[in-house]
Amino acid sequence: MEATETLSRSSNKIGDRSTSDVVVRLRTEDSRDEWIYCHSDILIRNSKYFADRLSESWPTCQILDSRNCVEVYCQESDFDYHITVLRLFYVHMIHSLTDMCGGVKNALGILRVAVELGCPQIIAACVGYLEAVPWEEAEEEEILKIIPSMGSQAEMILARLQPVNPTAIKNIFLSAIRFATSSPPSLMTDLKTSAQDQLEYMLTEDDDVPLLIADEEIKLETKECIMKLLARFKNLVLSLLSTEDSVYDTCSMLLLQSYLTDLSWACQILIKLELMRELVSSWVEASENVVNVVEQLCPESDTLEIKFKVIEVTSKVLEAIGYGTVIMPTVKRLHMVKVWLPFVRVIKPVIESARSDSKDVPILKVDVEIWQSLESAFVSIILALPSGDQAEILTEWLENKHIRYPDLTEAFEVWCYRSKVASKRLALIGGTNGMGKSV
């Protein structure tokens with residue numbers, strides 16, 4: 001970016017004592033004191049502050065070294081910037097804003113002094129520079145501290161930080177959700193992941209309000225995009241089940257892992273938008289097929305990521321069912337327990353064993369809390385089933401070698417208490433006409 005505005009046309013030079021008619025005396029509270037020999041015509045032309053101080057209307061005029069003297073008091077941190085501004089008065093042509101400002105920090109310092117001294121040309125140059133160049137995070141914070149107090153002359157600098165109108169935010173979200181759920185080629189995985197992260201951030205409630213408040217159009221588009229992703233996943237599962245080979249090809253495995261990773265992320269989005277019902281229903285229908293495919297995978301380390309991603313999605317689905325976020329009929333809740341309880345109890349030690357063997361297996365990023373979340377979800381679902389179904393599940397659990405996980409002790413204790421007092425409790429409410437019998 002080039003600037004060709006002339007700051008001064010005089011051939012005089014700053015510090016030239018032989019031609020100067022005024023001394024600018026810079027002073028700080030730390031007793032720093034410097035005399036700069038200048039020329040009144042140049043100071044008056046470039047600075048309103050000096051124009052006022054050197055005018056006949058100024059009440060007093062100091063004399064120093066047989067010259068008019070203008071004292072300027074400043075902070076130590078701004079001392080060098082005052083020198084720079086004075087030197088800029090003597091620059092005949094600003095050929096490059098970058099050369100003049102020398103970075104964001106210097107530009108801010110020069111701008112601050114230029115505003116104090118009323119130097120419109122330097123202000124315009126600094127504003128143009130700061131508006132155009134990239135900022136580091138720390139520089140951005142400093143700009144936010146300094147610029148707003150400078151008023152309209154510097155407000156252009158903050159254009160990149162102004163709130164965006166809701167329509168633009170909405171359009172970005174819709175474009176991003178379509179891309180993030182489109183299952184792009186693996187070369188675009190980083191781009192997809194970035195889009196997914198930002199979509200989640202846009203909906204996150206933290207110290208600031210969410211960037212986006214989802215309306216019906218956003219919810220509908222999000223649901224449709226994610227259901228298309230889920231449909232691709234289910235089609236892949238069916239194709240893998242129909243293959244005659246006992247070992248799946250690498251391409252299919254990579255695609256399966258990609259779909260599962262995207263679905264795990266999609267659950268987070270659906271939870272924020274309160275749209276989990278369709279995904280839960282679809283996952284319940286596909287659960288048996290998913291387990292069959294995963295159980296056919298070789299035990300090698302490169303399939304562990306797939307198995308854990310299955311656990312992640314299933315955990316979110318079971319939580320939605322177990323805590324009543326999504327209401328499912330008894331037969332489907334019982335089906336989920338019977339399908340996933342045996343799978344989870346077997347896969348947990350496999351994954352934990354692989355994580356502890358870092359020599360042969362890449363470190364698997366596992367949120368250890370997921371196991372507790374799964375266990376709690378199972379307990380909630382089981383305790384909401386008819387007592388007879390609970391008894392069947394608990395009997396199998398007590399006889400299983402994997403009794404330690406999931407630990408259904410809480411469900412067992414509640415079932416024992418309920419069973420023991422069932423007849424008495426139902427009798428008290430007049431429900432003895434068959435209601436006390438197990439279903």
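These are my notebook entries from a look through this structure, which is a predicted model.

**Entry 1: overall**

The protein has 17 helices and 4 strands. Of its 439 residues, 44% are buried. I also checked how far along the chain the contacts reach. Taking contacts between residues at least 6 apart in sequence, I found that 72% join residues at least 24 apart.

**Entry 2: cores**

Next I looked up the nonpolar cores. The largest nonpolar core holds 84 residues. Which residues have the most contacts inside it? They are Phe 233, Leu 256, Trp 283, Trp 340 and Trp 371. There is also a second, separate core of 46 residues, and Cys 38, Cys 101, Ile 110 and Ile 147 are among its members.

Setting aside neighbours within four places in sequence, Trp 283 is in contact with Leu 230, Phe 233, Leu 260, Leu 263, Val 290, Val 310, Val 313, Thr 314, Val 317, Met 336 and Trp 340. Two of those names, Phe 233 and Trp 340, I had already written down for the 84-residue core.

**Entry 3: α12 against α13**

Trp 283 sits in α12 and is one of the residues there that meet α13, which took me to that helix pair. Helix α12 covers residues 276-296 and helix α13 covers residues 304-322. Their axes are 10 Å apart and the packing angle is about 140 degrees. Since angles over 145 count as roughly antiparallel and 65 to 115 as roughly perpendicular, this pair is oblique. The crossing is left-handed.

On the α12 side I listed Met 276, Leu 279, Val 280, Trp 283, Val 284, Val 290 and Val 294. Facing them in α13 are Lys 307, Val 310, Val 313, Thr 314, Lys 316, Val 317, Ala 320 and Ile 321. By class, that contact has 12 nonpolar, 1 polar and 2 charged residues.

**Entry 4: Met 276**

I then followed Met 276, which lies in α12. Is Met 276 buried or exposed? Its relative accessibility is 3%, so I have Met 276 down as buried. Beyond residues up to four places away in sequence, Met 276 touches Cys 267, Leu 270, Ile 271, Lys 316, Val 317, Ala 320 and Val 326. I checked the Ala 320 pairing separately: Met 276 and Ala 320 are 44 residues apart in sequence, yet their C-alpha atoms are 7.5 Å apart in space.

Glu 274 came up while I was in this stretch. Glu 274 belongs to the loop between α11 (250-273) and α12. Its phi is near 55 degrees, a positive value in a residue other than glycine. Glu 274 is exposed, with a relative accessible area of 70%.

While on α11, I looked up Ser 252, which is in that helix. Ser 252 has a relative accessible area of 13% and is buried. Its contacts, leaving out neighbours within four places in sequence, are Leu 236 and Leu 240.

**Entry 5: α13 against α15**

α13 also packs on helix α15, residues 369-383. Here the angle is about 40 degrees and the axes are 9 Å apart. This pair is therefore oblique too, and its crossing is left-handed.

From α13 the contact takes in Phe 308, Ile 311, Glu 312, Ser 315, Leu 318, Glu 319, Ile 321 and Gly 322. From α15 come Ile 370, Trp 371, Ser 373, Leu 374, Ala 377, Phe 378, Ser 380 and Ile 381. I get 10 nonpolar, 4 polar and 2 charged residues in this contact.

**Entry 6: the β1–β2 loop**

I turned to the loop between β1 (22-27) and β2 (33-38), where Thr 28 is found. Ser 31 lies in that loop as well. Thr 28 is at 8% relative accessibility, so I count Thr 28 as buried. Ser 31 is exposed, at 67% relative accessible area. What does Thr 28 touch, not counting residues up to four places away in sequence? I found Cys 74, Gln 75, Glu 76 and Phe 79. As for Ser 31, I noted a positive phi near 70 degrees, in a residue other than glycine.

Pro 406 is in the loop between α16 (387-399) and α17 (409-428).

Technical notes:
Residues are numbered from 1 along each chain as its sequence is written. This is a predicted model: local features need pLDDT of at least 70, side-chain atom pairs count only at pLDDT 80 or more; totals for chains, interfaces and linings use all residues. Side-chain values use heavy atoms; hydrogens and water are left out. Axes are lines fitted to C-alpha atoms, for helices over the stretch in contact, and angles run from 0 to 180 degrees between N-to-C directions. Helices (H or I, at least four residues) and strands (E, at least two) are DSSP runs, numbered from the N terminus. Angles under 35 degrees count as roughly parallel, over 145 as roughly antiparallel, 65 to 115 as roughly perpendicular and the rest as oblique. A crossing is left-handed if the near helix is turned anticlockwise from the far one by less than a right angle, and right-handed if clockwise. Contact means heavy atoms within 4.5 Å. Ala, Val, Leu, Ile, Met, Phe, Trp, Tyr, Cys and Pro count as nonpolar, Asp, Glu, Lys and Arg as charged, and the others, Gly among them, as polar. Buried means under 20% relative accessible area, exposed over 50%, partly exposed in between (1.4 Å probe, protein chains only). A nonpolar core is a set of buried Ala, Val, Leu, Ile, Met, Phe, Trp, Tyr and Cys residues joined through side-chain atoms within 4.5 Å.
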